[in-house]
Amino acid sequence: MARRTAEPPISWLMRIKLERPKLISLAAGFTDNATLPVAGSRRLLNELLGDAALGQAALQYGSTAGDDSLRKLTARRIRQLDGNRRGQAASYEAKRTIITHGSQQFLYMATEALCDPGDIVLVEDPTYFVYLGILQSRGVAGRGVRMNRDGIDLGHLEQVLESLKRDGSLSRLKILYLVSYYQNPTSRSTSLRVKAGALELLRRYERAAGHPIYLMEDAAYRELGFAGTPSASALAVKGVADRVIYSGTYSKPFATGVRVGFGILPGELLTPVLRIKGNHDFGTSHLTQQLVVRALQSGLYEQNLAKVQRRYRAKAKAMTDAIAEHFPGSVKWEQPEGGLNAWAVLPRKVNTGMKSRFFKQVLDRDVLYVPGGLCYVDDPTRRKPSHEMRLSFGAASEADIREGIRRIGQAI
């Protein structure tokens with residue numbers, strides 16, 4: 001496994017920004033410094049540590065599954081976001097909730113619990129490239145499913161499932177992984193109709209597979225919408241809670257440095273994932289969990305979230321206004337409705353890969369983006385596109401966003 005594991009591209013993208021302070025990074029998905037709740041967190045931590053008994057408890061080990069109060073608050077919050085579905089309380093039980101060191105740890109543990117080397121996971125084309133690193137490290141194969149504006153193409157999903165059945169590899173399929181809200185990298189969201197349709201298809205092919213096939217919903221960007229109410233999660237689809245793995249985080253909507261994520265698991269997966277969690281770290285940092293609990297209870301979380309949403313809406317507009325001004329008409333892009341990224345499709349003759357002439361020209365102009373090819377799984381049934389790029393507006397200032405887009409436009 002050590003020999004197989006490649007350096008995650010995110011590590012290089014973050015490191016080069018630290019090594020070149022003048023670089024305008026529209027690549028690594030850092031969050032906006034101005035929205036980090038420094039004053040509010042200081043107040044809550046002072047209150048917590050000002051009480052000797054509470055402070056000692058916060059600085060002690062916690063449980064592997066996570067703080068009970070935070071598990072209850074988390075399960076209740078997801079149910080509320082889904083519209084408090086009647087008769088489906090079991091889908092949102094606190095006892096099925098686990099608190100992790102960021103959502104990335106949860107995604108890793110769920111994949112480790114379900115997948116042996118040589119197994120298969122279906123992902124969106126394109127998808128969150130950091131998750132592809134988990135698959136590569138675990139020796140798990142991936143197959144891409146095309147995307148529409150409202151999520152994966154259900155017709156293509158059925159074609160992929162049928163092809164796996166024909167070639168005898170359906171028994172190796174374990175998970176369909178979706179980044180369902182303001183997707184990283186495209187900023188598209190998956191409708192409830194598509195989630196329900198995907199679950200129905202997976203159920204249909206389970207008999208031939210010989211085991212359950214799970215839908216793993218990565219909702220890390222769910223609360224970063226700019227307007228309106230996003231659709232409910234797959235947990236809201238009736239009768240399928242035992243096939244949905246839900247992953248979320250408090251890092252991006254509150255403070256990335258707290259590294260507190262969570263997952264809601266089917267009952268049959270809870271014990272194995274908790275055992276893996278015990279081997280990883282036997283419990284998420286209790287101090288940061290207590291900070292998140294108090295942020296939720298005091299109203300600080302909601303207050304700061306509104307600020308975060310306003311800030312990212314303004315920064316997204318700065319980026320798309322600059323794209324409209326500086327990119328030629330041959331570049332296709334979509335207006336983000338939330339999240340941290342914009343996705344640009346260049347003419348096919350422009351290679352945007354990390355070893356390309358174009359990438360070097362942009363880097364020579366002190367700008368960094370994520371080559372779109374990194375966001376596609378290695379899939380033997382199709383060629384990876386090499387003419388796209390992900391542009392993040394999360395960390396850079398509005399002035400740097402505008403200047404960075406202008407320089408990329410010159411390179412194009």
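Guide: Let us begin with a helix pair: L154, L157, E158, L161, E162 and K165 of α7 meet R193, V194, G197, A198, L201, L202, R204, Y205 and A208 of α8, where contact means heavy atoms within 4.5 Å. Before we go on, this is a predicted model, in which local features need pLDDT of at least 70 and side-chain atom pairs count only at pLDDT 80 or more, while totals for chains, interfaces and linings use all residues. Residues are numbered from 1 along each chain as its sequence is written, and side-chain values use heavy atoms, with hydrogens and water left out.

Visitor: What makes α7 roughly parallel to α8?
Guide: Helix α7 (residues 154–166) and helix α8 (residues 192–209) pack at an angle of about 15 degrees, with their axes 10 Å apart. Angles under 35 degrees count as roughly parallel, over 145 as roughly antiparallel, 65 to 115 as roughly perpendicular and the rest as oblique, so α7 is called roughly parallel to α8. The axes are lines fitted to C-alpha atoms, for helices over the stretch in contact, and angles run from 0 to 180 degrees between N-to-C directions. The crossing of α7 and α8 is right-handed. Helices here are DSSP runs of H or I with at least four residues, strands are runs of E with at least two, and both are numbered from the N terminus.

Visitor: Why is R259 called partly exposed?
Guide: Buried means under 20% relative accessible area, exposed over 50%, and partly exposed in between (1.4 Å probe, protein chains only). R259 has 38% relative accessibility, so it counts as partly exposed. This residue lies in the loop between β8 (244–249) and β9, and has a positive phi of about 50 degrees although it is not a glycine.

Visitor: Why does F282 count as partly exposed?
Guide: Its relative accessibility is 45%, so F282 counts as partly exposed. F282 sits in the loop between α9 (267–280) and α10 (286–298), and its phi is near 45 degrees, a positive value in a residue other than glycine.

Visitor: Why is strand β2 described as largely enclosed by the rest of the structure?
Guide: Of the 5 residues of β2 (residues 97–101), 4 are buried, so the strand is largely enclosed.

Visitor: How do you know that β2 is joined to β9?
Guide: Two strands pair if DSSP finds at least two bridges between them. Here 5 bridges join β2 to β9 (residues 260–264), and the two run antiparallel. T100, for one, has G261 in β9 as its bridge partner.

Visitor: How do you know that the buried residues of α12 line one face of the helix?
Guide: In α12 (residues 357–364), F358, F359, V362 and L363 are buried. Seen down the axis of α12, they fall within an arc of 135 degrees, so they line one face; the arc is that of the directions from the helix axis to the C-beta atoms. On the other side of α12, R357, K360 and D364 are exposed. The cover over the buried residues of α12 includes α1 (9–19) and α13 (398–411).

Visitor: What makes β10 and β13 edge strands?
Guide: The open sheet has 4 strands in the order β10-β11-β14-β13, with antiparallel pairing. Strands β10 (332–333) and β13 each pair on one side only.

Note on methods:
Left-handed = near helix turned anticlockwise from the far one by under 90°.
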